[in-house]
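Here is a short note to read beside the model. Take the points in order and find each part on screen as you go.

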Amino acid sequence: MGVTRILVVEDDPTIRTALLRALSRAGHVATSVPDAASALRAVVDEMPEVVLLDLGLPDLDGMEVLRMLRGVTQAPVIVVTARTADEDVVRALDAGADDFVAKPFRAATLEARIRAVLRRSTAGEGQPGPMSVGDLVVDVRSREATWAGNVLELAPKEFELLAHLAARAGTVVSKRELLAEVWRQPYGGAEKTVDVHLAWLRKKIAAAGGPPTLLVTLRGVGVKLVAVAPERPPP
(Lines give C-alpha, C1' and ligand atoms only; values in the text may rest on other atoms or scores of the structure.)
Protein backbone atom coordinates (compact mmCIF):
# COMPACT_ATOMS: atom_id res chain seq x y z
CA MET A 1 0.00 0.00 0.00
CA GLY A 2 1.39 3.42 -0.89
CA VAL A 3 1.38 6.67 1.04
CA THR A 4 -2.07 7.48 2.40
CA ARG A 5 -3.37 10.74 3.88
CA ILE A 6 -4.87 9.86 7.24
CA LEU A 7 -6.71 12.10 9.70
CA VAL A 8 -6.63 11.04 13.37
CA VAL A 9 -9.49 12.39 15.49
CA GLU A 10 -8.47 11.69 19.09
CA ASP A 11 -8.63 13.87 22.22
CA ASP A 12 -6.09 11.93 24.30
CA PRO A 13 -2.68 13.47 23.50
CA THR A 14 -0.76 10.32 24.47
CA ILE A 15 -2.81 8.08 22.17
CA ARG A 16 -2.77 10.74 19.45
CA THR A 17 1.03 10.93 19.52
CA ALA A 18 1.39 7.15 19.48
CA LEU A 19 -0.96 6.84 16.51
CA LEU A 20 0.83 9.53 14.53
CA ARG A 21 4.18 7.85 15.22
CA ALA A 22 2.91 4.42 14.14
CA LEU A 23 1.26 5.77 10.99
CA SER A 24 4.37 7.72 10.05
CA ARG A 25 6.52 4.60 10.49
CA ALA A 26 4.14 2.77 8.16
CA GLY A 27 4.78 5.41 5.49
CA HIS A 28 1.54 7.39 5.76
CA VAL A 29 1.04 11.15 5.93
CA ALA A 30 -0.95 11.59 9.12
CA THR A 31 -2.37 14.66 10.84
CA SER A 32 -4.46 14.86 13.99
CA VAL A 33 -7.15 16.95 15.66
CA PRO A 34 -8.52 16.74 19.23
CA ASP A 35 -12.22 17.47 18.75
CA ALA A 36 -15.24 17.24 16.45
CA ALA A 37 -15.22 20.84 15.22
CA SER A 38 -11.59 20.58 14.14
CA ALA A 39 -12.27 17.20 12.54
CA LEU A 40 -15.02 18.55 10.30
CA ARG A 41 -12.85 21.46 9.19
CA ALA A 42 -9.86 19.19 8.55
CA VAL A 43 -11.88 16.76 6.46
CA VAL A 44 -12.96 19.58 4.16
CA ASP A 45 -9.56 21.30 4.03
CA GLU A 46 -7.20 18.31 3.91
CA MET A 47 -9.39 15.72 2.11
CA PRO A 48 -7.92 12.69 3.93
CA GLU A 49 -8.17 9.26 2.35
CA VAL A 50 -8.92 7.57 5.70
CA VAL A 51 -10.29 8.94 8.98
CA LEU A 52 -9.54 7.31 12.35
CA LEU A 53 -12.30 8.48 14.70
CA ASP A 54 -12.45 8.19 18.49
CA LEU A 55 -16.00 8.23 19.84
CA GLY A 56 -15.18 9.91 23.15
CA LEU A 57 -14.68 13.48 21.96
CA PRO A 58 -14.98 16.48 24.30
CA ASP A 59 -17.34 18.66 22.25
CA LEU A 60 -19.70 16.24 20.51
CA ASP A 61 -20.67 12.59 20.72
CA GLY A 62 -18.65 10.48 18.30
CA MET A 63 -21.73 8.85 16.79
CA GLU A 64 -23.06 12.26 15.80
CA VAL A 65 -19.66 13.22 14.41
CA LEU A 66 -19.70 10.07 12.33
CA ARG A 67 -23.05 10.99 10.79
CA MET A 68 -21.80 14.50 10.06
CA LEU A 69 -18.61 13.21 8.47
CA ARG A 70 -20.70 11.08 6.13
CA GLY A 71 -22.27 14.29 4.86
CA VAL A 72 -18.96 15.85 3.82
CA THR A 73 -16.68 12.95 2.82
CA GLN A 74 -16.76 9.52 1.22
CA ALA A 75 -13.38 8.61 2.77
CA PRO A 76 -13.46 5.38 4.80
CA VAL A 77 -13.93 5.98 8.54
CA ILE A 78 -12.47 3.55 11.06
CA VAL A 79 -13.86 3.99 14.55
CA VAL A 80 -11.09 3.57 17.15
CA THR A 81 -12.57 3.48 20.63
CA ALA A 82 -12.62 1.84 24.05
CA ARG A 83 -16.35 1.17 23.65
CA THR A 84 -16.66 -2.53 22.89
CA ALA A 85 -20.29 -3.40 23.65
CA ASP A 86 -22.10 -5.06 20.74
CA GLU A 87 -24.65 -2.26 20.61
CA ASP A 88 -21.88 0.32 20.20
CA VAL A 89 -20.35 -1.64 17.33
CA VAL A 90 -23.73 -1.96 15.59
CA ARG A 91 -24.55 1.73 16.12
CA ALA A 92 -21.21 2.82 14.69
CA LEU A 93 -21.52 0.61 11.62
CA ASP A 94 -25.12 1.71 11.07
CA ALA A 95 -24.05 5.35 11.36
CA GLY A 96 -21.62 4.88 8.48
CA ALA A 97 -18.37 3.53 9.92
CA ASP A 98 -16.41 1.30 7.57
CA ASP A 99 -14.69 -0.61 10.37
CA PHE A 100 -14.37 -0.72 14.16
CA VAL A 101 -11.17 -1.21 16.17
CA ALA A 102 -11.30 -1.60 19.95
CA LYS A 103 -8.63 -0.09 22.20
CA PRO A 104 -6.05 -1.25 23.06
CA PHE A 105 -4.85 -2.59 19.72
CA ARG A 106 -1.60 -3.45 17.98
CA ALA A 107 -0.22 -1.15 15.27
CA ALA A 108 -0.13 -4.10 12.86
CA THR A 109 -3.84 -4.72 13.40
CA LEU A 110 -4.73 -1.11 12.66
CA GLU A 111 -2.53 -1.12 9.55
CA ALA A 112 -4.32 -4.24 8.28
CA ARG A 113 -7.70 -2.56 8.84
CA ILE A 114 -6.52 0.51 6.92
CA ARG A 115 -5.44 -1.67 3.99
CA ALA A 116 -8.80 -3.46 4.04
CA VAL A 117 -10.95 -0.31 3.95
CA LEU A 118 -8.77 1.16 1.19
CA ARG A 119 -9.17 -2.01 -0.89
CA ARG A 120 -12.94 -1.81 -0.52
CA SER A 121 -12.91 1.91 -1.35
CA THR A 122 -10.75 1.38 -4.45
CA ALA A 123 -12.94 -1.49 -5.59
CA GLY A 124 -15.95 0.82 -5.36
CA GLU A 125 -14.32 3.28 -7.77
CA GLY A 126 -14.15 0.59 -10.44
CA GLN A 127 -17.73 -0.53 -10.11
CA PRO A 128 -20.06 -0.28 -13.09
CA GLY A 129 -22.85 2.23 -13.41
CA PRO A 130 -26.25 2.03 -11.73
CA MET A 131 -27.72 -1.44 -11.14
CA SER A 132 -31.33 -1.91 -12.22
CA VAL A 133 -33.63 -4.58 -10.78
CA GLY A 134 -37.05 -3.97 -12.26
CA ASP A 135 -37.96 -0.41 -11.29
CA LEU A 136 -35.34 -0.37 -8.55
CA VAL A 137 -32.11 1.46 -9.43
CA VAL A 138 -29.09 1.40 -7.10
CA ASP A 139 -26.13 3.65 -7.90
CA VAL A 140 -23.12 2.81 -5.73
CA ARG A 141 -21.05 5.72 -7.00
CA SER A 142 -23.58 8.37 -6.00
CA ARG A 143 -24.91 6.21 -3.11
CA GLU A 144 -28.47 6.78 -4.32
CA ALA A 145 -31.30 4.30 -4.72
CA THR A 146 -34.64 4.95 -6.42
CA TRP A 147 -37.87 3.05 -7.02
CA ALA A 148 -39.72 4.08 -10.19
CA GLY A 149 -37.83 7.39 -10.03
CA ASN A 150 -38.63 8.05 -6.37
CA VAL A 151 -35.53 8.50 -4.20
CA LEU A 152 -35.29 6.11 -1.23
CA GLU A 153 -34.10 7.91 1.91
CA LEU A 154 -31.77 5.22 3.26
CA ALA A 155 -29.39 5.12 6.20
CA PRO A 156 -25.81 4.10 5.29
CA LYS A 157 -26.17 0.44 6.27
CA GLU A 158 -29.60 0.19 4.63
CA PHE A 159 -28.06 1.40 1.37
CA GLU A 160 -25.11 -0.99 1.62
CA LEU A 161 -27.43 -3.91 2.32
CA LEU A 162 -29.62 -3.03 -0.65
CA ALA A 163 -26.59 -2.55 -2.92
CA HIS A 164 -25.13 -5.91 -1.88
CA LEU A 165 -28.41 -7.66 -2.68
CA ALA A 166 -28.88 -5.72 -5.94
CA ALA A 167 -25.45 -6.84 -7.14
CA ARG A 168 -26.64 -10.43 -6.62
CA ALA A 169 -30.25 -9.97 -7.75
CA GLY A 170 -32.14 -13.23 -8.13
CA THR A 171 -29.57 -15.08 -6.01
CA VAL A 172 -30.12 -16.17 -2.42
CA VAL A 173 -27.58 -14.48 -0.14
CA SER A 174 -27.00 -15.97 3.31
CA LYS A 175 -27.28 -13.81 6.39
CA ARG A 176 -23.77 -14.90 7.34
CA GLU A 177 -22.49 -13.36 4.09
CA LEU A 178 -24.45 -10.17 4.74
CA LEU A 179 -23.03 -9.87 8.25
CA ALA A 180 -19.51 -10.41 6.89
CA GLU A 181 -19.71 -8.12 3.87
CA VAL A 182 -22.09 -5.37 5.00
CA TRP A 183 -21.50 -5.29 8.76
CA ARG A 184 -17.82 -6.43 8.63
CA GLN A 185 -18.49 -9.29 11.07
CA PRO A 186 -16.67 -12.18 9.34
CA TYR A 187 -17.29 -14.60 12.20
CA GLY A 188 -21.01 -14.06 12.33
CA GLY A 189 -23.16 -11.85 14.49
CA ALA A 190 -26.75 -11.19 15.41
CA GLU A 191 -28.92 -12.21 12.46
CA LYS A 192 -31.63 -10.06 14.02
CA THR A 193 -29.60 -7.06 12.80
CA VAL A 194 -30.15 -8.20 9.21
CA ASP A 195 -33.85 -8.85 9.84
CA VAL A 196 -34.39 -5.39 11.31
CA HIS A 197 -32.66 -3.64 8.41
CA LEU A 198 -34.63 -5.71 5.90
CA ALA A 199 -37.85 -4.62 7.62
CA TRP A 200 -36.78 -0.97 7.39
CA LEU A 201 -35.90 -1.39 3.72
CA ARG A 202 -39.29 -2.96 2.94
CA LYS A 203 -41.08 -0.05 4.63
CA LYS A 204 -39.09 2.56 2.72
CA ILE A 205 -39.54 0.78 -0.60
CA ALA A 206 -43.26 0.47 0.09
CA ALA A 207 -43.44 4.18 0.96
CA ALA A 208 -41.96 4.89 -2.50
CA GLY A 209 -44.62 2.73 -4.16
CA GLY A 210 -42.69 -0.53 -4.38
CA PRO A 211 -44.07 -3.99 -3.63
CA PRO A 212 -43.40 -5.78 -0.30
CA THR A 213 -42.31 -8.87 -2.24
CA LEU A 214 -39.17 -7.22 -3.60
CA LEU A 215 -37.06 -8.58 -0.73
CA VAL A 216 -37.73 -12.26 -0.13
CA THR A 217 -36.55 -14.03 3.03
CA LEU A 218 -36.12 -17.78 2.75
CA ARG A 219 -36.18 -19.12 6.29
CA GLY A 220 -32.94 -20.86 7.20
CA VAL A 221 -31.39 -20.08 3.81
CA GLY A 222 -31.03 -16.36 3.25
CA VAL A 223 -32.40 -13.32 1.42
CA LYS A 224 -33.10 -12.68 -2.26
CA LEU A 225 -33.82 -9.48 -4.17
CA VAL A 226 -36.20 -10.08 -7.06
CA ALA A 227 -37.40 -7.90 -9.91
CA VAL A 228 -41.09 -7.12 -9.54
CA ALA A 229 -42.91 -4.67 -11.78
CA PRO A 230 -45.01 -2.18 -9.79
CA GLU A 231 -48.74 -2.28 -10.17
CA ARG A 232 -49.84 0.43 -12.56
CA PRO A 233 -53.35 1.83 -13.02
CA PRO A 234 -55.05 0.84 -16.24
CA PRO A 235 -54.85 3.42 -19.05
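1. **Two crossing helices.** Helix 6 and helix 8 are roughly perpendicular to each other, because their angle falls in the class from 65 to 115 degrees. In that scheme, angles under 35 degrees count as roughly parallel, over 145 as roughly antiparallel, and the rest as oblique. Helix 6 covers residues 156-166 and helix 8 covers residues 191-207; their axes come within 10 Å and cross at roughly 85°. Axes are lines fitted to C-alpha atoms, for helices over the stretch in contact, with angles from 0 to 180 degrees between N-to-C directions. Helices (H or I, at least four residues) and strands (E, at least two) are DSSP runs, numbered from the N terminus.

2. **Ground rules.** This is a predicted model: local features need pLDDT of at least 70, side-chain atom pairs count only at pLDDT 80 or more, and totals for chains, interfaces and linings use all residues. Residues are numbered from 1 along each chain as its sequence is written, and side-chain values use heavy atoms, with hydrogens and water left out.

3. **Who meets whom.** On the helix 6 side, the residues are Lys-157, Glu-158, Leu-161, Leu-162 and Leu-165. They meet His-197, Leu-198, Trp-200, Leu-201 and Lys-204 of helix 8. Contact means heavy atoms within 4.5 Å. Look closely at Glu-158. Is Glu-158 buried or exposed? Glu-158 is buried, at 3% relative accessible area. Buried means under 20%, exposed over 50%, and partly exposed in between (1.4 Å probe, protein chains only). Beyond its neighbours within four places in sequence, Glu-158 touches Glu-153, His-197, Trp-200, Leu-201 and Lys-204.

4. **The whole chain.** The chain has eight helices and 11 strands. Of its 235 residues, 43% count as buried. Take the contacts with a separation of 6 or more: 54% of them join residues 24 or more positions apart. The accessible surface is about 11,800 Å², and 53% of that belongs to carbon and sulfur atoms. These areas come from the Shrake-Rupley method with a 1.4 Å probe; for residues, only the protein chains shown count as cover.

5. **Salt bridges.** How many salt bridges does a search of the whole structure find? There are 11. A salt bridge is a side-chain nitrogen of Lys or Arg within 4 Å of a carboxyl oxygen of Asp or Glu. One of them pairs Lys-103 with Asp-54, at 3.4 Å from N to O. Lys-103 sits in the loop between strand 5 and helix 5, and Asp-54 in the loop between strand 3 and helix 3 (62-70), so the pair ties together parts 49 residues apart in sequence. Asp-54 is buried, with 6% relative accessible area.

6. **A loop tied to helix 6.** Arg-143 and Glu-160 also form a salt bridge, at 3.5 Å from N to O. Arg-143 lies in the loop between strand 7 and strand 8, and Glu-160 in helix 6, so this pair ties together parts 17 residues apart in sequence. Arg-143 is partly exposed at 32%, while Glu-160 is buried at 17%.

7. **Helix 7 to helix 8.** In the salt bridge of Asp-195 and Lys-175, the closest N and O atoms are 2.5 Å apart. Asp-195 is in helix 8 and Lys-175 in helix 7 (residues 175-181), 20 residues apart. Asp-195 is partly exposed at 28%; Lys-175 is buried at 14%.

8. **Backbone checks.** Lys-103 and Pro-104 are joined by a cis peptide bond, with omega about -5°. Pro-104 is in the loop between strand 5 (99-102) and helix 5 (107-125). Met-47 is not a glycine, yet its phi is positive, near 50°. Met-47 lies between helix 2 (36-46) and strand 3 (50-53), in a loop, and is exposed at 56%. Ala-148 also has a positive phi, about 50°. Its loop runs between strand 8 (144-147) and strand 9 (150-151), and Ala-148 is partly exposed at 42%.
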